[in-house]
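Morning, everyone. Please have the sequence and the model open, and follow along with me.

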Amino acid sequence: MSDTPFGFGLPPEEPEDGDEGKKKDPTGGGQGSGGPANPFGFGPGAGGDNPFAAMFGSMNPNDLGAAFQQLGQMLSYEGGPVNWDMAKQIARQTVSQGTTDGSKDASVGPAERSSVDEALRLADLWLDGVTSLPSGSVSTVAWSRAEWVEASLPAWQQLVDPVAERVGLAMGDVLPEEMQAMAGPLIGMMRSMGGAMFGQQIGQAVGTLAGEVVGSTDIGLPLAPAGKAALLPLNVERFGKDLSVPQDEVRLYLALREAAHQRLFAHVPWLRSHLFGAVEAYARGIKVDTSKLEDVVGQFDPSQPEQLQDALQQGMFQPEDTPEQKASLARLETALALVEGWVDAVVHEAAKSRLTSADALRETMRRRRASGGPAEQTFATLIGLQLRPRRLRDASRLWASLTDARGVDGRDGLWGHPDMLPTAQDLDDPDGFVHHEQLDFSELDKMLGEAAKGPQKPAAGEPGKEAGQEPGQDESGDDGPKSDGKDGSGA
């Protein structure tokens with residue numbers, strides 16, 4: 001996968017077996033018309049300076065009809081900021097063409113499904129002893145890469161739409177107000193083209209990622225329907241190919257990670273919205289370089305829609321250097337690091353005495369993150385966000401220290417409220433966080449609940465007790481039990 005942020009660089013190189021992609025691509029793509037990295041037939045290798053040369057090709061009537069149909073789809077799109085139908089088509093086409101090492105997608109067979117189901121169920125049993133959070137898996141599934149694309153697209157839409165919308169709004173703001181009414185059709189056309197271009201790049205990114213991920217939570221976010229634990233057998237096999245580790249151990253280790261993520265997202269109800277909200281808050285702080293967009297608008301030629309794509313690829317997005325944006329970035333990075341660090345610590349505790357290669361698998365996963373694994377690259381590609389892998393190690397050490405100091409229940413209890421979690425500063429000083437006085441939010445919640453109820457009325461049949469009267473106080477205001485005229489012994 002390209003490590004350049006979405007809209008920040010050149011598209012990936014054209015796949016080699018374009019013929020297969022051309023047959024399967026419902027948009028008429030494939031190598032003959034630009035491949036998934038260039039599905040509209042524009043740019044280098046697609047006919048020099050003539051953007052329609054590759055579309056028309058040898059003037060085959062079928063190719064010509066497909067080209068015009070594709071252009072019509074681009075210009076007639078009237079949906080949201082991203083053409084998700086096109087994104088899905090490009091992603092599936094990318095998957096069908098395989099990965100750079102020649103690995104092709106394939107349907108999952110019964111034996112593979114059985115192995116995945118067994119690994120995920122065993123992983124849940126092992127996790128029971130190392131975390132107080134119960135199982136979060138309602139069902140287990142083994143996915144092909146294409147099935148992962150289908151299942152994860154709704155989550156990608158939630159992540160990417162906020163950034164794409166910023167560009168769509170900017171397109172209407174670059175012209176003076178008095179000109180916007182006259183330029184309405186042009187702006188509408190550019191927005192349609194923008195939605196298509198976003199869809200093309202997102203589809204390429206998601207399709208490439210489908211060749212790398214091993215489960216539904218590989219990037220630290222829940223991309224699958226709630227409660228569905230999933231592994232991709234083909235990618236699990238690729239993950240362990242050069243590790244000299246038995247395949248069963250590789251599958252079990254990755255199943256532990258998937259099952260641990262599922263527990264966290266299932267039993268920390270605020271976590272999913274907290275993470276997606278942090279992404280959206282960060283996206284709101286991304287500004288569009290309107291000077292570049294103004295140049296595109298001023299020189300836009302409907303016969304050369306690749307101009308808009310070039311603008312997207314040459315760096316129109318820049319995070320604002322404001323305290324709010326820095327806070328959003330820190331919040332998102334810290335939240336993702338805490339999720340990944342907790343999973344890393346819990347999985348290692350469960351695996352270290354059961355899997356002989358637990359340490360090697362753990363280090364492989366960590367290096368995968370640090371060298372630009374799915375999480376870092378996907379965020380960079382889609383929203384221009386680079387994660388800092390060192391925070392994952394810091395978070396893992398902090399969770400391990402919390403286990404030693406407070407036990408499993410004390411550690412996992414911190415997920416009960418977002419204000420109880422460590423901050424970015426705590427990751428810098430884990431010992432200070434581990435050993436400082438632990439806040440108990442249960443007593444505060446109890447006090448607030450009692451205050452909300454207000455004064456309590458006396459129970460029926462309980463004489464001498466009215467609203468506002470203290471327990472043990474008679475109607476005259478004297479403390480103590482009422483005297484019956486006898487001595488103080490009450491005999």
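First, a caution. This is a predicted model. The chain averages a pLDDT of 74. Of its residues, 56% score at least 70. One is residues 1-59, where the model has 129 contacts beyond four places in sequence. The other is residues 462-491, with 14 such contacts. Where pLDDT is low, the predicted coordinates should not be read in detail. Keep that in mind when you look at the two stretches.

Now the overall picture. The chain has 491 residues, and 49% of them count as buried. There are 20 helices and four strands. The exposed surface comes to about 23300 Å², with 51% of it from carbon and sulfur atoms. How far apart in sequence are the residues that touch? Take contacts between residues at least 6 apart: 78% of them join residues at least 24 apart.

Next, the core. In soluble globular proteins, nonpolar side chains tend to be buried together. Here, the largest nonpolar core holds 91 residues. Which members touch the most others? They are Trp148, Trp156, Leu254, Leu271, Trp342, Trp399 and Trp415. Helix H14, residues 323-351, gives the most to this core, with 13 residues.

Let's zoom in on Trp399. Leaving out residues up to four places away in sequence, Trp399 touches Leu338, Gly341, Trp342, Ala345, Arg411, Leu414, Trp415, Leu421 and Pro422. Two of these, Trp342 and Trp415, were also in that list of core residues with the most contacts to other members.

On to helix H4, residues 84-96. H4 has 13 residues, so at 1.5 Å a residue it should span 18 Å. Its end C-alpha atoms are 18 Å apart, which agrees. Look at the start of H4. A side-chain oxygen of Asn83 reaches to within 3.3 Å of the backbone nitrogen of Asp85. Just after H4, Gly98 takes a positive phi of about 85 degrees. The buried residues of H4 are Trp84, Met86, Ala87, Ile90, Ala91, Gln93, Thr94, Val95 and Ser96.

What about Lys88? Beyond four places in sequence, Lys88 touches Glu150 and Leu153. Lys88 and Gln200 are 112 residues apart in sequence, yet their C-alpha atoms are 8.8 Å apart.

Now helix H10. It has 21 residues, which should span 30 Å, and the end C-alpha atoms are 30 Å apart, so the check agrees. Is H10 mostly covered or mostly open? Mostly covered: 17 of its 21 residues are buried.

Leu252 lies in H10, which runs over residues 247-267. Leu252 has 14% relative accessibility, so it counts as buried. Outside its sequence neighbours up to four places away, Leu252 touches Ala119, Leu122, Ala123, Trp126 and Leu355. From Leu252 to Ser115, the distance is 137 residues in sequence but 9.6 Å in space, C-alpha to C-alpha.

Ser244 is exposed, because its relative accessible area is 76%. Its phi is near 55 degrees, a positive value in a residue other than glycine.

Now helix H5, residues 110-127, which holds Asp124. Is Asp124 buried or exposed? Its relative accessible area is 12%, so Asp124 is buried. Leaving aside neighbours within four places, Asp124 is in contact with Ser135, Ser137, Ala259 and Arg263.

Last helix: H11, residues 271-284. Its 14 residues should span 20 Å, and the end C-alpha atoms are 20 Å apart, so this one agrees as well. Buried in H11 are Leu271, Leu275, Phe276, Ala278, Val279, Ala281, Tyr282 and Ala283. An α-helix has 3.6 residues a turn, so residues three or four places apart point the same way.

Notes: Residues numbered from 1 in each chain as written. Predicted model: local features only at pLDDT ≥ 70, side-chain atom pairs only at ≥ 80, totals over all residues. Heavy atoms only, no water. Core = buried A, V, L, I, M, F, W, Y, C linked by side-chain atoms within 4.5 Å. Buried < 20%, exposed > 50% of the residue type's maximum accessible area, 1.4 Å probe, protein only. Helix = DSSP H or I, 4+ residues; strand = E, 2+ residues; numbered from the N terminus. Contact = heavy atoms within 4.5 Å. Areas by Shrake-Rupley, 256 points an atom, 1.4 Å probe, with all protein chains shown as cover. Expected span 1.5 Å × (residues − 1). Polar contact = N/O pair within 3.5 Å; in protein donor to acceptor, adjacent residues only side chain to side chain. pLDDT = per-residue confidence, 0-100.
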